[in-house]
Amino acid sequence: MSSIQSSPEPWLGEYADFSRCYLMGDSAGGTMVHFLSLRIAEGLDIIPLRVCGQIIVQPFFGGEERTATELRLVNDEHVPLSGTDWLWRTCLPAGADRDHPLANPFGPSSPDIKPLARSLLPILFIVASGDPMLERQVKVFETLREGGSQIRLVSYQGSHGSQLQSRPISESLFKDVASFIQSPLAFLSKL
């Protein structure tokens, strides 16, 4: 029996359905879901969990070369470029730069994600139109789609984390997430 099944938290045993789990992360959490999903596609054993899909919300990606969106939103009130640079310096291994594979999925030493795309679970990929990281997020989405992933891009107006500051955006996001979890393939097939 795994540690999650033998957890002292009684609600897990009573309410959790280990055969129908979804990975979801926002910002850095979205980046973690992206990389964990790639590991699962490569064969990572996560028994007893059966993951049915992934929800990636505004993943936090970076890179040494600045994108047009980063330059246009250099002083964004939520994630200014100086702040994201500081976060990368703090979080990456000593001596690593923003092209480290955990920061930049397309950096010089990053593995090619396209061959794994077809093996990934269904993906709801959520972005915001005013996010300084938008170009990098869309490039990951397009690469996965071109590689054969079952994936849908949903874009909201606003900046990075706007769903935390706007009730209408958060309600739309929760509605999309609920629809995706209810029936991933039906949700992905919507125009």
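## Sheet, cavity and pocket

Four strands form an open sheet in the order β1-β2-β3-β4, with parallel pairing. Its edge strands are β1 (21–26) and β4 (151–156), each pairing on one side only. On average, neighbouring strands are turned by 15° against each other, direction ignored. This is a predicted model: local features need pLDDT of at least 70, side-chain atom pairs count only at pLDDT 80 or more, and totals for chains, interfaces and linings use all residues. Residues are numbered from 1 along each chain as its sequence is written, and side-chain values use heavy atoms, with hydrogens and water left out.

**Sheet and packing helix**

- Helices (H or I, at least four residues) and strands (E, at least two) are DSSP runs, numbered from the N terminus.
- Two strands pair if DSSP finds at least two bridges between them.
- Strands β2 (residues 51–57) and β3 (residues 123–128) run parallel and are joined by four bridges.
- I55 has L124 in β3 as its bridge partner.
- Helix α6 (residues 134–146) packs on the sheet and touches β3 and β4; contact means heavy atoms within 4.5 Å.
- The direction of α6 makes about 155° with that of β3. Axes are lines fitted to C-alpha atoms, for helices over the stretch in contact, and angles run from 0 to 180 degrees between N-to-C directions.

**Largest cavity**

- On a 1 Å grid over the protein atoms alone, a cavity is a set of points where a 1.4 Å probe fits but cannot get out; lining residues have an atom within 4 Å of a point.
- Grid points are joined across faces, edges and corners, and a volume is the space filled by probe spheres set on the points.
- The largest cavity holds about 40 Å³ of space.
- Its lining includes R66, E70, W88, R98 and R136.
- Helix α4 (residues 81–91) gives the most to this lining, with three residues.
- By class, the cavity lining has four nonpolar, three polar and four charged residues.
- Ala, Val, Leu, Ile, Met, Phe, Trp, Tyr, Cys and Pro count as nonpolar, Asp, Glu, Lys and Arg as charged, and the others, Gly among them, as polar.

**Largest pocket**

- A pocket is an open set with protein on both sides within 12 Å along at least five of seven lines.
- About 290 Å³ of space lies in the largest pocket.
- Among its lining residues are M32, F35, F60, W88 and L102.
- Helix α2 (28–41) gives the most to the pocket lining, with four residues.
- The pocket lining has 10 nonpolar, two polar and no charged residues.
- W88 lines the largest cavity and also the largest pocket.
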